[in-house]
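Me: I'd like to go through the ligand site with you. Can we take it one question at a time?

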Amino acid sequence: MVAALAAAMAAVFLWGCGAFQDIRPQAEEAADERIYIQDNGEMVIVGFSQIGSESIWRTANTNSIQRALTKERGYFLITDNARQKQENQIKAIRRYISQRVDYIVLSPITESGWDTVLEEAREAGIPVILADRCVDADASLYTTWVGTDSFQEGEKAGRWLEENLKEKNRLYEDINIVILQGTPGSSAERGRTEGFASVASRYGNWHILDCQSGDFTTAKGKEIMEQFLASYPDIDVVVSQNDDMTFGAMEAIAEAGLTMGVGGDIALISFDAVKEALELVRKGKINVDIECNPEQGEYIHRVIQKLEQGLAVEKAYEVEEMVFTYRNVTEYLDKRTY
Ligand code: GZL
């Protein structure tokens, strides 16, 4: 392998894992599907530690990486499903180190607890590419991060609520908000929570009544929403940090005899923008869905290509994202593949 030594240029850090450099695959590049393989003609072996299969988004993320790192392109991909346990991810990384893979791709379930195992990968000379979520560790312990700006996603949710209340002349009314958070300590949960708070903190009349984790799953999202409804009789807005939890919350709201969405008793702000949720946006059942793009495989493939050819790579790469409401969702719905 030519280039694990390619120095990753440390970029100026913004929030989370760093500044963003867009390497969206260009049409002309995509035409050349012959992928760089190692000088010795062997396949590039990649060990992928995936968090689990907790959500539609996660499955789409796994599929994106498996579609990009194919045998036809010169890869031998080993995928491990950690079933939402950090200790399983650490075991998988140690297995990949002992198997002497060429690259490790890691989607870290939480931000902390990675220094030791990332040190072991560095000592073994194996570059680590972070996918999706980020780690709170020395940036020298990973080569690059391909992900999404969850703080910006949270900000977008706050700005949508601001605009929506302005349109209804309710910006300075008392607004009662509950938040269904994702996995505690994940960069996705932290970014979305802090991003939304950066807008909400400007309004003393926005009351965040409660904030609990539904762990990004439908079942837990329903359970927490039932608790919220039992505790707070006058909820105006639910901020749900992924569509799977939103689906659970919707069941709880309906079972409580309340309405939701555009013109409903409770407004729903969701994240991910998977097809099933965008259908509900189109029907006005979900007010707004903040996209988090799981299609990261092609970005990871192009990063590995650069590294294999001895080219420097940036410290962070962003995938593009939108905000969907009933106003714009229809034109994108049919293109949504997950
Ligand atoms: C976000 C990602 C989150 C999604 C959830 O970057 O880590 O994890 O929002 C998924 O659907 O479970």
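Me: How far is an oxygen atom of the ligand from an N or O atom in the side chain of Asn 242?
Reply: Keep in mind that this is a predicted model. A polar contact needs two N or O atoms within 3.5 Å. The pair formed by a ligand oxygen and the side chain of Asn 242 is at 2.9 Å.

Me: And what is the distance from a ligand oxygen to an N or O atom in the side chain of Asp 132?
Reply: Asp 132 is listed among the residues that come nearest to the ligand, along with Glu 54, Arg 133, Arg 192 and Asp 272. For Asp 272, a side-chain N or O atom is 2.6 Å from a ligand oxygen. For Asp 132, that distance is 2.4 Å.

Me: How much of the ligand's accessible area does the protein cover?
Reply: On its own, the ligand has 320 Å² of accessible area. It sits in the largest cavity.

How values were computed. Residues numbered from 1 in each chain as written. Predicted model: local features only at pLDDT ≥ 70, side-chain atom pairs only at ≥ 80, totals over all residues. Heavy atoms only, no water. Near = heavy atom within 4 Å. Polar contact = N/O pair within 3.5 Å; in protein donor to acceptor, adjacent residues only side chain to side chain. Areas by Shrake-Rupley, 256 points an atom, 1.4 Å probe, with all protein chains shown as cover. 1 Å grid on protein atoms, 1.4 Å probe; cavity = no way out; pocket = protein on both sides within 12 Å on 5 of 7 lines; lining within 4 Å. Sits in = over half its atoms within 2 Å of the grid points.
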